[in-house]
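This briefing is meant to be read with the sequence and the coordinates at hand.

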Amino acid sequence: MSFSKLFAVAGLATMVSGHMKMKSPAPFDPSALNNSPLDASGSDFPCKFGNGYSATGGTTNQYALGSSQTLEFIGQATHGGGSCQVAITYDTTPTKDSKWKVIHSIEGGCPAKGVSGNMGDNANADDPFTYPYTIPKDIPAGKATIAWTWFNKVGNREMYMNCGALELTGTGGSQDNFDKLPDMLVLNIGGKPQTLEGYDYVFQDPGSSVEDNTSGSQVATCGTNGCTPGNSAGSGSSSGSGSSAGSGSSSSAAPASSAASSGAGGVFVTQSPSASAPAATATATSAAADTTTQAAQPSATASAGSGSSSGSSGSSGSSLSGACSPEGTYNCMGSSYQQCASGQWSVVMQMAAGTTCTAGQSTELNIAAVAKRALKIARAFRA
């Protein structure tokens, strides 16, 4: 049985129950925040507000203007990665009419790098991948709301958005600099155009602070009119892997046309897909849940990774900690595994129910079904 089919079987048997949610910045009322995407209708835009969840509770993120921060996540349903944005509004209780401006864009590899499907089905596991960004130094201080958005690479066409309370400290910023930042992109909900499945997304207007993880991948450029194959964003995307302390103004030109233009950035306007949208825009996926999860398959050729072991040795299938190489190497302990990410061994993550991996280190996670029920489902799947 192929690796991807086995993981699809495991997904059907266990119905992966989790997606992803923001850990840092701290979200509103984290105990009440679920990890599902925004509703396809757009009814809970922005921030998943509704059904008892609101802009209350949680810790206020106190960030100095110009400070370096880190984006962190919880969950393992990474859907092959995708592209993310970090945005701010000065509305402390955001609505559909709030003006969201992007301070950092992550193009490809978010919220996981080198992962072709999901990392597992543990909704409470810490994502080992983190993403640095910088708060602009020349925007106004004061109370605000910070948001993370994500367009997933594989699975249903979805948009994720979590938000948290923000207080910016410092002096010298201006509203004009904030207004010059690019608008937050809204797709896949409320009649907006849809992203193309299987692509890493570059943003038509990502701003001056960009992490580019698209090297060697299939790319589509996304703007308010939807997505088209290829990179047509021009100079808006940088080749660097980190964030810059942007001046608050975007280095790329605004999109030539907009399917839903508005005076306020990132405003949600319910609409029917425009007839002038690119023909390559993806059609809607009607499945109610993501049932196909593929294995992580890093492209790097790895030898035994380094790092200290909590057991006898890495090759015997014991957990590791500390520095590691090459990037993307897997370390399997049978019913659990970890991965070399950003030069450090990740936390130990559990395998999907009914599966096990071959102990030791390798460039691929070699998975086998251990339950008879899973094997029966596998035969039916192949049929």
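Predicted model: local features only at pLDDT ≥ 70, side-chain atom pairs only at ≥ 80, totals over all residues.

Two strands count as paired if DSSP finds at least two bridges between them. On that basis strand 7 (residues 142-152) and strand 8 (residues 160-169), which run antiparallel, are joined by 9 bridges.

**Overall make-up**

- The protein has 3 helices and 21 strands, and of its 383 residues 51% count as buried.
- Where contacts link residues at least 6 apart in sequence, 72% of them join residues that are at least 24 apart.
- The protein exposes about 15,100 Å², of which carbon and sulfur atoms supply 49%.

- An open sheet of mixed pairing is formed by 6 strands, in the order 2-8-7-4-5-10.
- Its edges are strand 2 (61-64) and strand 10 (210-212), each of which pairs on one side only, while the twist from one strand to the next averages 25°.
- Strand 8 is joined to strand 2 by 4 bridges, and these two strands run parallel; strand 8 and strand 7, by contrast, run antiparallel.

**Nonpolar cores**

- In soluble globular proteins, nonpolar side chains tend to be buried together.
- The largest nonpolar core here has 33 residues, and those that touch the most other members are Leu-71, Ile-88, Tyr-133, Trp-148 and Leu-168.
- At least two residues of this core come from each of strand 3 (68-74), strand 4 (82-89), strand 5 (101-107), strand 6 (131-134), strand 7, strand 8 and strand 15 (330-332), with strand 7 giving the largest share, 4 residues.

**Aromatic rings**

- A pair of aromatic rings is described by the distance of the centres and the angle of the planes.
- The structure holds 8 aromatic pairs, and one of them, Phe-49 with Tyr-53, is tilted, at 6.1 Å centre to centre and with 40° between the planes.
- Both partners of that pair are buried: Phe-49 has a relative accessible area of 14%, and Tyr-53 has one of 7%.
- For Phe-73 and Trp-148 the ring centres are 4.7 Å apart and the planes stand at 55°, so this pair is tilted.
- Which parts of the sequence does the pair of Phe-73 and Trp-148 tie together? Phe-73 lies in strand 3 and Trp-148 in strand 7, so the pair ties together parts that are 75 residues apart in sequence.
- Phe-73 is buried, with a relative accessible area of 1%, and Trp-148 is buried as well, at 0%.
- Phe-73 and Trp-148 also belong to one aromatic cluster together with Tyr-131, Trp-150 and Tyr-160.

Definitions and conventions:
Residues numbered from 1 in each chain as written. Heavy atoms only, no water. Buried < 20%, exposed > 50% of the residue type's maximum accessible area, 1.4 Å probe, protein only. Contact = heavy atoms within 4.5 Å. Areas by Shrake-Rupley, 256 points an atom, 1.4 Å probe, with all protein chains shown as cover. Axes fitted to C-alpha atoms, helices over the stretch in contact; angles between N-to-C directions. Core = buried A, V, L, I, M, F, W, Y, C linked by side-chain atoms within 4.5 Å. Phe/Tyr/Trp six-rings, centres within 6.5 Å; stacked < 30°, edge-to-face > 60°.
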